Amino acid sequence: MAKRLFVKTYGCQMNVYDSARMADVLAPLGYTSADGAEDADMVILNTCHIREKAAEKVFSELGRLRKLQAAKAESGGRMILAVAGCVAQAEGEEILRRAPFVDIVLGPQTYHRLPEMVARASRAGGAVLDTEFPLEPKFDFLPETRAEGSSAFLSVQEGCDKFCTFCVVPYTRGAEYSRSAAAVLAEARGLAAQGVREITLLGQNVNGWRHDDGWTLGRLIRALAEIDGVERIRYTTSHPRDMDDDLIAAHAEVPRLMPFLHLPVQSGSDRILQAMNRGHDRAAYLRLVDRLKQAQPDLALSSDFITGFPGETDSDFEDTMDLVRRVGFVQTYSFKYSPRPGTPAALMPNQVPEAVKEERLAQLQALLLRQTEAFNQSCVGREMRVLLDRPGRHQGQLLGRSPYMQPVHVRMGDSSLALGGIARLRITRVHPNSLEGIPA
Ligand code: 5AD
Ligand code: SF4
């Protein structure tokens, strides 16, 4: 019997990929996607634990879903409620205690077992909890990825052994694990055969990807670039420590590798980088940026920053502002430090007052916004290859992504423009949230 599944995703791109894979795993059981929780027979919340109040948000969403679940039961139906992802991993027991109406709690490493969990939850009363880190890697048990559109994520690496002192990921996603090159290339070929033109390799430390016989990410990218149809390759998120010579060289040598790199630095102060356990200093990051730009002069960078890490002084913060001025970023994510339970930084004595964190964040974001705007302006008049992967918001428009991930819209009507294709556009205008182009 046809059943409807609604997956609500929080957090990073890895979760977006995982949500799609959970839907793939459940498809053989007859689940097709629902537009909202209202008309779903099963709802999965795929949660993120990285920043503040994550668990609270999940509990309030569960409160809302409980009402839908009850209404469904009254009319003789059933709604299976599952919580997945990093909050489930970190607080599984707590979820079942506080929200006993939840049927399934599963961590990010066990979703290949979802069919079995659904069967158990449907048969009996009582909740199913599976937050193990199983020996069998889930990837070996997943069906072929179904592509939607011309751009796809492909998860190649998971977990993190870096233990930045602010971060929960090493605890929720476990140790670093790399899929085999053969498995990744097979998935990529499958995606290309379904019309995918752009593949973004995903991993918590994607450039920490390793294969037994000495392959690192640079070599994997070269192999992907050989696949017919895969015209654009990206990878995210990278750690500065794992940026090896071969990967840097790939930026010079592989035209299909997009000239855009998300390379989080978090802070520009040596003292803070050390307290964060980042494993590199400011000079090493700046050197790395120089080498990357030598390899690929068109390279644009984006980054993540944290303001108000414990012990951060005005002068440390000034070092961050200075690093931002020197490097110039085109897109960024910046956050106030939020103490995450169970991480070393949460116990550091010199926590920064909330108001100071906020003030610094506002200053940093203002500078970063100016840089993004300046970069967007500098694109006017340039020709860019844009992957037109969506209909635009207005009728008669197509929306795509530039090599630098900027949304670009273009009026249809030119025969060279087709949904799913890569068009050569000349950028004519900058709008608040997108660029506009015409066929070049
Ligand atoms: N507080 C604030 N930001 C954090 N991040 C991770 N943990 C925290 C935290 N405790 C940010 C980092 C990371 C991004 C994904 O989230 O900048 O790169
Ligand atoms: Fe978290 Fe640091 Fe690992 Fe990134 S590298 S996932 S910030 S511990």
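Visitor: Which strands each supply at least two residues of the shell around ligand 1?

Guide: Strand 13 (300-307) and strand 14 (331-336) do so; strands (E, at least two residues) and helices (H or I, at least four) are DSSP runs numbered from the N terminus. This is a predicted model, in which local features need pLDDT of at least 70 and side-chain atom pairs count only at pLDDT 80 or more, while totals for chains, interfaces and linings use all residues. Residues are numbered from 1 along each chain as its sequence is written, chains are lettered from A and ligands numbered from 1 in the order in which they are written, and side-chain values use heavy atoms, without hydrogens and water.

Visitor: What makes a residue count as near a molecule?

Guide: One of its heavy atoms must lie within 4 Å of that molecule. The residues surrounding ligand 1 include Ile50, Arg51, Phe166, Gln266, Asp304 and Arg340. By class, five residues of the shell are nonpolar, two polar and four charged.

Visitor: What makes the pair formed by Asp304 and ligand 1 a polar contact?

Guide: A polar contact is a pair of N or O atoms within 3.5 Å. A polar side-chain atom of Asp304 is 2.6 Å from an oxygen atom of ligand 1, so the pair meets that limit. Gln266 likewise places a side-chain N or O atom 2.6 Å from a ligand oxygen, and Phe166 has a backbone N or O atom 3.0 Å from a ligand nitrogen. The protein covers 88% of the 410 Å² of accessible area (Shrake-Rupley, 1.4 Å probe) that ligand 1 has on its own.

Visitor: Why is the pair of Lys8 and Glu61 called a salt bridge?

Guide: The term requires a side-chain nitrogen of Lys or Arg within 4 Å of a carboxyl oxygen of Asp or Glu. In this pair the closest N and O atoms are 3.3 Å apart, so the name applies. Lys8 belongs to strand 1 (residues 3-9) and Glu61 to helix 2 (residues 54-74), so the bridge ties together parts 53 residues apart in sequence. Arg64 also forms a salt bridge with Glu61, at 2.6 Å.

Definitions and conventions. A polar contact is a pair of N or O atoms within 3.5 Å; within protein, one must be able to donate a hydrogen and the other to accept it, and residues adjacent in sequence count only if both atoms are side-chain atoms. Ala, Val, Leu, Ile, Met, Phe, Trp, Tyr, Cys and Pro count as nonpolar, Asp, Glu, Lys and Arg as charged, and the others, Gly among them, as polar.
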